[in-house]
Amino acid sequence: MSLSPAGPPLLSARDVKVHLRVHRRIVKAVDGVDLDVYPGQCVGIVGESGSGKSTLGRAMTRLLPNVEIAELSGSVRFCGDDVLAMAPETMRALRRHRGLSMVFQDPLSYLNPTLRIDRQLAEALRHLADRRAVQQKSAELLQQVGLDDTARILRLYPHELSGGMRQRVLIAMALAPDPQILVADEPTTALDATVQYQVIQTLRRLNKERNLAMLIITHDLGMVAELCDQVYVMQGGKIVEAADVFTLFDAPQNAYTASLLAAARRLHQTKVLGSAATP
Amino acid sequence: MSTPILSARSIIKSFGRRSWFGGAGNARRAVDTIDLDVNEGETLAIVGESGSGKSTLARMLLGLIKPTSGEVAYYGQPMDAFTAPDWATFRKAVQPIFQDPASSLNPRMRVDTTLSNVLLRHRLATRDTLAAEITELLASVGLDAAQFHDRYPHQLSGGQQQRIAIARAMAVRPRLIIADEPLSSLDMSVQAQILDLLISLKSSRNLGLVLISHDLNVVDAISDRVIVMYLGKVVEAGPTRQVLGNPANDYTRSLLAAKLVADPHLARERRLAMDAAVAAASKSGQTPTPDVQGASQ
């Protein structure tokens, strides 16, 4: 599945710096990051809390809150266009039509509790001509994320859905503009193990079947191993190592990466599974 | 084996209102007829997804809520018959650790105040020995007292907060700790550290541990026995090695299949196997069942 980068990157960051002002001090949340996502590729950014990975993800989709920023520099290019320099209308068009979508960690806080799912999906499908087209596309989107009971789900409110269903509804909404890239920030952290696995499989299928590029932000190397082609390891606002997933896991060059891997192996060890897991 | 520290017999907890005429009404059984024993020095893991009733079970074991029916006993003595001194003994011997350390520590108390309150309340230290006790406690959870004693919870990282919560639980030299998802709010490398801390504490102090978790990797690493819960019922129970190595129940199997591996090679093999299974199933017109045994072959 790991693609050799052909052609120009879909999304690329060069020397991106995001310095935040926190209590009169400057925090260098992202400090000179280069990163590329090629078409159809699944790229992971791993790091612990405070490493700046979420801030980087938000900078790359231009969803940073304006107020606290002390410095925002460098360039983020989507298909060659500078995202950071874009006019707000162009950015909106990019999100709505040409396809840069985001999914966040806590699905409940991104859904409107007072609206049924059909209304919320319809909002993401405003570009469609009539109600019938919206209905049809809504059902189709839900099916794509593995929610087959579409007629029922469309009539439900967010609180009536389980955590995994909510996250898949959000992914469905993110797919509405037919994006070329999906940026997902800890998409499974709030979910149960079995549900987490379903969401990961959903993402993988979308990556494979729609050739949808992905930027996955996570602290879980298990998820990276499951999903990503290319991995960037982030610490203290900087990328400390970047490699394809196999190289990174087999021969980490950086001591911090090695310590993260050791921790992940400690937690994802497979000893009891003996017969089942050791090849 | 001697008398278990804690035992539960056919405990049921239902929430919601019962019908006036004695019927079930809209009551739901969060915990539905569960028996369990926790022995000294043993780690029992309770596994299940959210809504399976595992936290409700933990709260009953801690005596925080009363079962609707059935009985929880501490060294054979039923909780229903506890006198006030019994409760004091129990509260000292059985300590909780919760998922979110930030909300289980008092935000207005410094670390040393948090710990000294416990030590003084249970008369485990005098004013003179207090400082030394606190230093020792902090050391046992891997924190340097000189650096941390005067911090407030918000000045600590999540892992440090959880260490303080563990130190507070350990302060009273408990026989049993009931930990409800103690790792899930932490970073992965911190999870590994806290996991190792729990393992070393339980072996060095002959501590019993009830670990509530939905993470089979953690359960695998630490527990002797495991109970798998689904919709309030125990669907599988036994030695961890046996249950995880050779699961008999479909739900346990699906939990195992969902377990992530920190190895891209293995993950890829598993994916390929699953794709092949899906392809084969669609050819033969059957619904595919993801199966961990099959997936790794």
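Two strands pair if DSSP finds at least two bridges between them, and strands (E, at least two residues) and helices (H or I, at least four) are DSSP runs numbered from the N terminus. In this predicted model, local features need pLDDT of at least 70 and side-chain atom pairs count only at pLDDT 80 or more, while totals for chains, interfaces and linings use all residues. Residues are numbered from 1 along each chain as its sequence is written, chains are lettered from A in the order in which they are written, and side-chain values use heavy atoms, without hydrogens and water.

In chain B, 6 strands form an open sheet of mixed pairing, in the order β6-β7-β8-β3-β9-β10. Because β6 (94–97) and β10 (233–239) of chain B each have a single partner strand, they stand at the edges, and one side of each is left without a neighbour in the sheet. From one strand to the next the twist averages 15°, with angles running from 0 to 180 degrees between N-to-C directions of axes fitted to C-alpha atoms. β6(B) and β7(B) run parallel and are joined by 4 bridges; B:I97 has B:A179 in β7(B) as its bridge partner.

| Class in the lining of the largest pocket | Residues |
|---|---|
| nonpolar | 17 residues |
| polar (Gly among them) | 23 residues |
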